[in-house]
Amino acid sequence: MWLVFVQIFPYAVTYTIPLLITALGGLFSERSGIVNIGLEGLMVIGMFTSALVIYTLEPVYPGTAVWFGLMAAVIAGSLFSLLHAFACITLNANQVISGIAINMIAGALTTYLARNITGSGNILIVHSLSRKTIPVLSQIPLVGRLFFTQTYATTWVVLAILALSSFVLYKTVFGLRLRACGEHPHAADSAGINVYLIRYIGVMLSGALAGLGGAIVIVTYSGEFSGTASGLGFLALAALIFGQWKPAGILAATFFFGIASTVANVSQVIPALAVIPGIILKTSPYILTLFALVLSSKFSQVPKALGEPYDKGKR
Amino acid sequence: MFKKGLLFMLAFVLVASMAVGCTSRTNTGGNGDGKSEDSLKVGMVTDAGTIDDKSFNQGTWEGVVKAGNEFGLETRYLKPVGTTEAHYITEIGNLVDAGYKFIVCPGFKFETAIFQAQERYPDAKFVLIDGYPHAGDWAPVVAANTVSIFFAEHESGFLAGLATALELQEGEVGFIGGMEIPPVQKFNWGFQQGLLYASENFGTNVTVKAENVIYQGTFDNVAAGQQLAAQMYDKGVKAIFAAAGGVGVGSINEAKARAKDGDDVWIVGVDVDQYAEGIYEGNKSIILTSAMKQIDQAAYDMIKAEKEGVFPGGEILLFTAANDGIGIPKENPNLSADVMAKVAEAFNMIKNGTLVISDVQGDLIK
C-alpha cells in the first residue's frame, strides 16, 4: 500500500494545487463577507487567459510564455471578479445569483472569444510547465521521494502564497480588518474601516487566485483550454467550507480531495486498488465530505455576516 | 412588489441566455450566390465534448461544412446542454423547427433519440454515425428517412497496433478507452490483434498486460487521462493507444511532458490524425500514428447523396478498409518507411479479404 501511495503522490499534488489556490481565493472573499460561488467561472477566465497568452507568445518566447500566461490569468481573474464585487457590494445584489451569473457568462464568453480569436473553441498550448526533481532535497529519505521529485515550480509558488496568506490574515492589520468585515461589518465601520473597500479587495483577491488556479490547470496537467473547469471551482468551494474558512483547514481539505480523486482516477490501472469497485472510490470523497459537514455543522466557523449585503443604516 | 418583478425579469433573462447559449453559430454556404433551389439546410447535433474536440464532433462538422461550401447549403450545429436522450431530442427538434431537415448525429449515444426522431419528423432525414436506431432493446429499426453508418474500428485499430509493434519492436504498450461502448471496444480488440499479428509474422515482442487495458468511463475527464497515462509510463509502458476523446487530451499532455524530459514515450491517436496535437518541440510529436475513421468523408458523402437524390435511406452502411473508410494517416513522420510498407501491405490484405480482423472480443483483453 505504501508503494502505491508513493506512486500516486506526485500526481495527487499536481491535482491538489489548483484546488488549493482557488479555495484560498474563496477564503479571502468569504472572510470579507461576500459569498463567491463564481470561483468556477473565475477559473475558466484564468484558463482562457493563460492559454491564449501562451498560445500567442510561445512562438517568440517558448520558455517564458508560461509565466506570462500565469500573470495574465491573475490580472484577468481579478478584473473579471470586479463584476461580482460591483453587483454584490455596490448594488447589494444577491451574492449567490451574481456568482451563478459569473459562472454562466465565463464559459460562454471565453468559448466565443476563443473561437473568434484563434478559430477554435479549444486552445492547445505546446509548451507547458516542465517537472523538476530538486537535486539535494530529493535525496532525503521518505520526504525527498514524496515532495521533491517530479514537482512543478507552481506548487512551490502556491505553497508560498498559502503561507503568506496565513500571515496576512492573522498577523497584519489588513487581515484583522478583512475578518472584521466578515464577522460584524457595522462594528468595523464604526471603528473607521471602509467596509466597501475591504470587501472589494477581498473579492478581487479571490478572482486573482482563482484565475491563477485555472491557469495552473492549463500549464500542468491539462494543456488545453476547452471552455470548462469541470467542476473544480465547486470542489474548491466545498473544500473551503470543509476546511472551516481557515488556511490550514483548506490545505487539509484540498489535499484530501486531491488524494481521493487521484486514487479514484488511477485505481483501474493499479492492481492493488482495482479490487475495490470504482463507484465506491469515485463517490467516496463526496460522501465523506457530506458526513463531515453534517457532523461539524454544530461547530461551523462560518463568517457571521457572510452573504449579507452591507447596509449602513441597518442595525 | 418590486422584488417580485425583478425575480421574473431575472428568470426571463436566464432562460433567454440559456437559449442563446445553446444555439451556436450559423455557417452560410461559402459561394454566396449558390443558394440551392430546394434550399436544403443541414444541421448537426454534437455529442459529449465540444465542436472543436479535434476528434469525433469536429470531424463530422468538417464534413458537413465541406459539403455546405461545395453545394451552397446552410449549415448549423447545436450543442446539447447534456448527454441524455431528452437533451438530444430537444436539439433535434430545435433544428427541425428551424427548417433544418437533414440532420447528422455523430455518436453511439444518439441511437434511442434517433429512433424517436425518425418517426416524429418523417419529412426530415437523419444520418446516425456509429450506431443504429433502436427502442432501447437493440433491435435495429432504420426508417426510410434514416441512414446508419458504422466504421470498422477493429481494422483501424489493427493497423495502428501493427504499426506500433513494428516500430517499437519490443516493450509494453497500454490502452486507455473512454466509455466501454462498441466503437471503443472494437478499437481495443483490433489494436491487440495487430500486436499479435506482428509478433506472429514479424517476430516483434510488443505485449500488453491486462492491467494496462482500461476504460476510463468518460470522454471528458482530462485529469484522469493524465494520471492514468502517468501511472502506465511509470510502470514502463512505452506507448498508449488513447481512444478516449478528452481523456486522451490529458494522456497526450503527460506524454509531451515526458518526451520533453527525454523519455521514450508514445501515444497512438484516434479518429483523426492527431499528430499536430502531440507536438512538443519544433516538429517533433509524441503521436506515433493514429487509428483513423473517415468521419468527415462519411458525413460529406451522405449530404452529397441527398443532393443527388440517392440518399440510402433505411440502410446500414459500413465504412471499412474495402472502401477506404478507415486507416492510418498517409504521413507518419514517426514511422519508418519499412513499417509503412508493411502496414500498407496488411491494409491491402484486409481490403481484398485475405486477412480478416475479428470485431468481437474472443480471448482478447477486455
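How far apart do the C-alpha centres of domain 1 and domain 2 of chain B lie? The distance between these centres is 29 Å. The model is predicted: local features need pLDDT of at least 70, side-chain atom pairs count only at pLDDT 80 or more, and totals for chains, interfaces and linings use all residues. Residues are numbered from 1 along each chain as its sequence is written, while chains are lettered from A and ligands numbered from 1 in the order in which they are written.

**Domains of chain B**

- Domain 1 of chain B covers 20–151 + 296–321 and domain 2 covers 153–292 + 336–351, with bounds taken from an automatic or database domain assignment.
- Between the two domains, 12 residues of domain 1 of chain B are in contact with 16 residues of domain 2 of chain B; contact requires that the C-beta atoms of two residues, placed from the backbone, lie within 7 Å.
- The side of domain 1 of chain B that touches domain 2 of chain B consists of five nonpolar, four polar and three charged residues.
- In this classification, Ala, Val, Leu, Ile, Met, Phe, Trp, Tyr, Cys and Pro count as nonpolar, Asp, Glu, Lys and Arg as charged, and the others, Gly among them, as polar.

**Interface between the chains**

- Chain B places 32 residues in contact with 27 residues of chain A.
- Helix 1 (2–22), strand 8 (205–215), helix 7 (222–234), helix 8 (246–260) and strand 11 (279–281) of chain B each contribute at least two residues to the side of chain B that touches chain A; helices (H or I, at least four residues) and strands (E, at least two) are DSSP runs, numbered from the N terminus.
- Helix 7 of chain B provides the largest share of that side, 10 residues.
- By class, the side of chain B that touches chain A holds 13 nonpolar, 10 polar and nine charged residues.

**Nonpolar core**

- The largest nonpolar core has 201 residues; such a core is a set of buried Ala, Val, Leu, Ile, Met, Phe, Trp, Tyr and Cys residues joined through C-beta atoms within 7 Å.
- A residue is buried if 20 or more other C-beta atoms lie within 10 Å of its own, exposed if 12 or fewer, and partly exposed in between, with C-beta atoms placed from the backbone.
- A:Ala239, B:Ile103 and B:Ile240 have the most contacts inside this core, and helix 9 (residues 195–222) of chain A gives the most to it, with 17 residues.
- Because domain 1 and domain 2 of chain B both give residues to this core, it lies between them.
- Beyond its neighbours within four places in sequence, B:Ile103 is in contact with residues including B:Val45, B:Ile92 and B:Phe126.

**Strand 5 of chain B**

- Strand 5 (residues 125–129) of chain B is largely enclosed by the rest of the structure, because five of its five residues are buried.
- B:Lys125, B:Val127 and B:Ile129 point one way from strand 5 of chain B, and B:Phe126 and B:Leu128 the other way.
- Strand 4 (residues 102–106) of chain B runs parallel to strand 5 of chain B and is joined to it by five bridges; strands pair if DSSP finds at least two bridges between them.
- Strand 5 of chain B also pairs with strand 6 (residues 146–151) of chain B, in the parallel sense, over four bridges.

**Residues with positive phi**

- B:Asp271, in strand 10 (residues 266–271) of chain B, has a positive phi of about 70° although it is not a glycine.
- B:Asp271 is buried, with 26 other C-beta atoms within 10 Å.
- A:Gln244 has phi near 55° and lies in the loop between helix 10 (232–242) and helix 11 (247–266) of chain A.
- A:Gln244 is partly exposed, with 16 other C-beta atoms within 10 Å.
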